[in-house]
Amino acid sequence: MIIRKETKEDYKSIYEVNKKAFNQNDESELIQRIRTSKYFIAELSLVAEENGKIIGHILFSKIKIIGEKEYESLSLAPMSVLPKFQKQGIGEKLVKKGLKKAKNLGFDSVIVIGHKDYYPRFGFEKASKWNIKCSFEVPDDAFMAFELKVGALENKSGTVQFPKEFGIK
Ligand SMILES: CC(C)(COP(=O)(O)OP(=O)(O)OC[C@H]1O[C@@H](n2cnc3c(N)ncnc32)[C@H](O)[C@@H]1OP(=O)(O)O)[C@@H](O)C(=O)NCCC(=O)NCCS
């Protein structure tokens, strides 16, 4: 199993993997909207490939925390592993590789709306710790943040704005 950057040839498989993992099209469609927006970072759309088949995917894209100033951050969304391949550590490899790449690209933090029992294992903590809020209603423990550089979120309290192109809120 390898983790690598997506290519154009993967678009269809990524759509299918997300559709199967989430049991709906919403996340697959979201990926397509992000891909054609200025918030897309090609290096941070990663696939897990086994024997030439795409079995997992993760996407990080640019977002802003609007506080006293505007601070750049990353949104981790969505991530997916084909049901048949879940609970084998593929998700973990995608997250870890993604965080490492994001750091190498110079980003200093990541925001995720996700399962409260999953992301803390990678170091994510409730965003409310830094007084970072979401622009729409979300459970406190599902709205998490991670510092790629120690102290990166200190004094960056504010509200995360997901670009309207994402069509989230
Ligand atoms: C979430 C997901 C990407 C994890 O991928 P994975 O390859 O199974 O992850 P890993 O093997 O690294 O880790 C498995 C762990 O994740 C946990 N997990 C998976 N889905 C979870 C959920 N909905 N809530 C809490 N924990 C979850 C498993 O219980 C398991 O925990 P354990 O290690 O304590 O047994 C995958 O389950 C998936 O595609 N789910 C459907 C889509 C989804 O919900 N995406 C995430 C949106 S935030």
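**View 1. Ser80 is a buried residue of this predicted model****.** Ser80 has a relative accessible area of 3%. Buried means under 20%, so Ser80 counts as buried. Ser80 sits in strand β4, which runs over residues 70–81. Look next at the side chain of Ser80. It makes a polar contact with the side chain of Asn18, at 3.1 Å.

**View 2. Ser80 has contacts with residues from other parts of the sequence****.** Neighbours within four places in sequence are left aside here. Val17, Asn18, Ala21 and Phe22 are among the residues in contact with Ser80. Ile55, Gly56 and His57 also touch Ser80.

**View 3. Helix α1 packs with helix α2****.** Two numbers describe a pair of packed helices: the angle between their axes and the distance between the axes. Here the angle is about 145°. The axes are 8 Å apart. Helix α1 covers residues 11–22, and helix α2 covers residues 26–35. From α1, the contact is made by Tyr11, Ile14, Tyr15, Asn18, Lys19 and Phe22. From α2, Glu27, Ser28, Glu29, Ile31, Gln32 and Arg35 take part. By class, the contact of α1 with α2 has five nonpolar, three polar and four charged residues.

**View 4. The largest pocket holds about 1000 Å³ of space****.** Its lining has 36 residues. Which of them are the closest to the centre of the pocket? They are Phe22, Met79, Ile113, His115 and Tyr119. Several elements each supply at least two residues of the lining: α1, α2, β4, α3 (90–104) and β5 (109–113). Strand β4 gives the largest share, seven residues. By class, the lining divides into 19 nonpolar, ten polar and seven charged residues. Phe22 links several views.

View 5. Lys38, Tyr39, Lys62, Ile63, Lys64 and Ile66 are among the residues that line it. Glu72 and Gln161 line it too. So do Phe162, Pro163, Lys164 and Glu165. Which strand gives the most to this lining? Strand β3, residues 53–67, does, with four residues. By class, the lining of the second largest pocket has five nonpolar residues, one polar and six charged.

Notes: Residues numbered from 1 in each chain as written. Predicted model: local features only at pLDDT ≥ 70, side-chain atom pairs only at ≥ 80, totals over all residues. Heavy atoms only, no water. Buried < 20%, exposed > 50% of the residue type's maximum accessible area, 1.4 Å probe, protein only. Polar contact = N/O pair within 3.5 Å; in protein donor to acceptor, adjacent residues only side chain to side chain. Contact = heavy atoms within 4.5 Å. Axes fitted to C-alpha atoms, helices over the stretch in contact; angles between N-to-C directions. Nonpolar A, V, L, I, M, F, W, Y, C, P; charged D, E, K, R; others polar. 1 Å grid on protein atoms, 1.4 Å probe; cavity = no way out; pocket = protein on both sides within 12 Å on 5 of 7 lines; lining within 4 Å. Points joined across faces, edges and corners; volume = space filled by probe spheres on them.
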